[in-house]
Amino acid sequence: MTPQTMTAWRVNRPGPVDTGPLDRERVPVPRPGPGELLVAVLACGVCRTDLHVSEGDLPVHRPGVIPGHEVVGEVVECGPDLDVDVTVGDRVGIAWLRHTCGRCRFCLRGAENLCPHSRYTGWDADGGYAEFAVVPAAFAHRLPPGYADAELAPLLCAGIIGYRSLVRAELPPGGRLGIYGFGGSAHITAQIALARGAEVHVMTRGADARELARALGAASVQGAADPPPVRLDSAILFAPVGELVLPAAEALDRGGTLSIAGIYLTDIPPLNYQRHLFQERQIRSVTSNTRADAREFLAFAGEHHIQVSTVDYPMDRADEALSALAGGRIAGAAVLRN
């Protein structure tokens, strides 16, 4: 029987992580409404977006929100009027995107990630830093077999967003890809590119991250702003550092594309047209993802086993995990476990 209350982390005072923006509290267990599922949280990834919500880089959408949007859980209750084939006991994933209108011009052309009425887990609605969470069944994801709960969690944002970032980067077959920053999303995206025959070059600051990049098969590894040894056909910026746009753009070959993966980025310094954009180089942003992106990526993960490097924390140490992420002390992805 589902309990009436649960333990959860809430963002009550957004601010720097060292000021303690998260509070651990007893709160009511949410109830599933029409078309919704109640999920017992088994694991929840710690994403940099959770850090941006907690520190106030992203404006408050729901006061006291429970963060977390890389949720692996077991369905324990189904609300009425479900229109998808899900039953109690199924293992499902909850990701960042949780609602679109389905009627606007963006939704109708297959770009639901740009829906002006979109809503997000752990920002507009409570997420997975808790014992239970609710998700609209239409936005719950079926998960590939062969992975532990902690391995699956980072796939639900780090993996999906990395996949869309790679699509937006327009990497040609067998091309050279530069990756700037090498955390949870980047180390998954690198494996997708390598599986497709790309040559991957990694620029990142942390010694552990550099070691992981080499272990996964990167052709070269250097400092975050260092030039790669070759010109790049495509690049993806994962680090939320606007200053890195300049060296990443300058490293592109003719016709190259830089894809910026994050929802938040510090200010970009002035660009020089000749050095950074001429010869048909381009810079593109990435906004959330579509459910089609998620299905394509999770299908890929089912066919090609992705090595997910995780650092596990018990759920009652979520504040420590977020602090470690902020301090660059996580190689791979941090995951909270209930």
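Keep in mind that the model is predicted.

I'll start with the layout. The domain assignment divides the protein into domain 1, made of 5–143 + 308–337, and domain 2, covering 160–285. Domain 1 is therefore written as two stretches of the chain, and domain 2 as one. Taken over C-alpha atoms, the centres of the two domains are 27 Å apart. Where they touch, domain 1 supplies 17 residues and domain 2 supplies 12 residues.

How much area do domain 1 and domain 2 bury between them? The figure is about 1,100 Å², with 68% of it on carbon and sulfur atoms. If that unit is new to you, the size of an interface is often given as the accessible area lost when the parts come together. On the side of domain 1, the residues that lose the most area are H52, A331 and G332, which together account for 30% of what that side buries.

Next, the polar side of this interface. The rule finds zero salt bridges across it. It does find two residue pairs in polar contact, both at pLDDT 80 or more. Helix α1, residues 48–55, gives the largest share of the side of domain 1 that touches domain 2, namely three residues. Sorted by class, that side has eight nonpolar, seven polar and two charged residues.

Now the salt bridges in the structure as a whole. Side chains of opposite charge can pair when their charged atoms come close. The structure holds 13 salt bridges. One of them joins the side chains of E131 and R26, at 3.6 Å from N to O. E131 sits in the loop between β7 and β8 (132–136), while R26 is in strand β2, residues 22–28, so this pair links parts of the chain 105 residues apart.

Last, the rings. The count comes to five aromatic pairs. W96 and Y120 make a stacked one, 4.9 Å centre to centre. Which angle lies between their planes? It is 25°, and the pair counts as stacked because the cut-off is under 30 degrees. W96 lies in the loop between β5 and β6, and Y120 in strand β7, 24 residues apart.

How values were computed: Residues are numbered from 1 along each chain as its sequence is written. This is a predicted model: local features need pLDDT of at least 70, side-chain atom pairs count only at pLDDT 80 or more; totals for chains, interfaces and linings use all residues. Side-chain values use heavy atoms; hydrogens and water are left out. Contact means heavy atoms within 4.5 Å. Buried area is the accessible area (1.4 Å probe) that two parts lose on being put together, summed over both. A salt bridge is a side-chain nitrogen of Lys or Arg within 4 Å of a carboxyl oxygen of Asp or Glu. A polar contact is a pair of N or O atoms within 3.5 Å; within protein, one must be able to donate a hydrogen and the other to accept it, and residues adjacent in sequence count only if both atoms are side-chain atoms. Helices (H or I, at least four residues) and strands (E, at least two) are DSSP runs, numbered from the N terminus. Ala, Val, Leu, Ile, Met, Phe, Trp, Tyr, Cys and Pro count as nonpolar, Asp, Glu, Lys and Arg as charged, and the others, Gly among them, as polar. Rings of Phe, Tyr and Trp (its six-membered ring) pair if their centres lie within 6.5 Å; planes under 30 degrees apart count as stacked, over 60 as edge-to-face and the rest as tilted.
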